Amino acid sequence: MFYTLPPLWAFVALLAVHWLGDFFLQSHWMSINKSKRMDALGMHVGIYMCILFPGTFIIFGLQYGLAIVTFVWVNGALHFATDFVTSRITAALWKRERIHDFFVVIGVDQFIHQFTLAATMWWLLVP
């Protein structure tokens, strides 16, 4: 067995790690600049991966090192691609004061992140 938690609870734990890296540790500077500056987006994704890496090891165990390293790199790349697109859309919506649409896109962004975490977890970490 690859994990110590049932898959559903492992996924819930991953969502908590995701929240920590994607929201809690994202600075104001990163959040307002990631739509127009690659360094801000890169820093955001780098911090996200730095949190996802140990979090995933804690959830799934050290014995699956290569699968976890792959999981973190794949999710880092997917997170970067998602935020590259969605941050530009949300910035334009906020500027035009389309607040409801802004939050709809934030919701889509989070759905994409959650889906990619789930898909890659089942692909790489759950037998």
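E97 is exposed, at a relative accessible area of 66% (exposed means over 50% relative accessible area, buried under 20%, and partly exposed in between, with a 1.4 Å probe and protein chains only). The model is predicted: local features need pLDDT of at least 70, side-chain atom pairs count only at pLDDT 80 or more, and totals for chains, interfaces and linings use all residues. Residues are numbered from 1 along each chain as its sequence is written, and side-chain values use heavy atoms, with hydrogens and water left out.

E97 sits in the loop between α4 and α5. Helices here are DSSP runs (H or I, at least four residues), numbered from the N terminus. E97 is not a glycine, yet its phi is positive, at about 60 degrees. E97 and W123 are 26 residues apart in sequence. In space their C-alpha atoms are 40 Å apart. A positive phi also occurs at G61, which follows α3 and has a value near 105 degrees.

The helix lengths were checked against an expected span, defined as 1.5 Å times one less than the number of residues. Helix α1 covers residues 7-24. Its 18 residues should span 26 Å, and its end C-alpha atoms are 25 Å apart, which agrees. For α3, 23 residues should span 33 Å; the end C-alpha atoms are 32 Å apart, in agreement. For α4, 31 residues should span 45 Å, and the separation of 43 Å between its end C-alpha atoms agrees.

Contact means heavy atoms within 4.5 Å.

N75 is found in helix α4. At 2% relative accessibility, N75 counts as buried. Beyond its neighbours within four places in sequence, N75 is in contact with Y48, L52, T116, L117 and T120. N75 and Y48 are 27 residues apart in sequence, but their C-alpha atoms are 9.5 Å apart in space.

Open space was examined last. Rolling a probe the size of a water molecule over the atoms shows where empty space is left. A pocket is an open set of points on a 1 Å grid over the protein atoms alone, where a 1.4 Å probe fits, with protein on both sides within 12 Å along at least five of seven lines. The largest pocket holds about 450 Å³ of space. Its lining comprises 18 residues, each with an atom within 4 Å of a point. S31, K34, T90, F102 and I106 lie nearest the centre. Helices α1, α2 (28-33), α4 and α5 each supply at least two lining residues. The most come from α4, with six. By class, six lining residues are nonpolar, seven polar and five charged.

How values were computed:
Points joined across faces, edges and corners; volume = space filled by probe spheres on them. Nonpolar A, V, L, I, M, F, W, Y, C, P; charged D, E, K, R; others polar.
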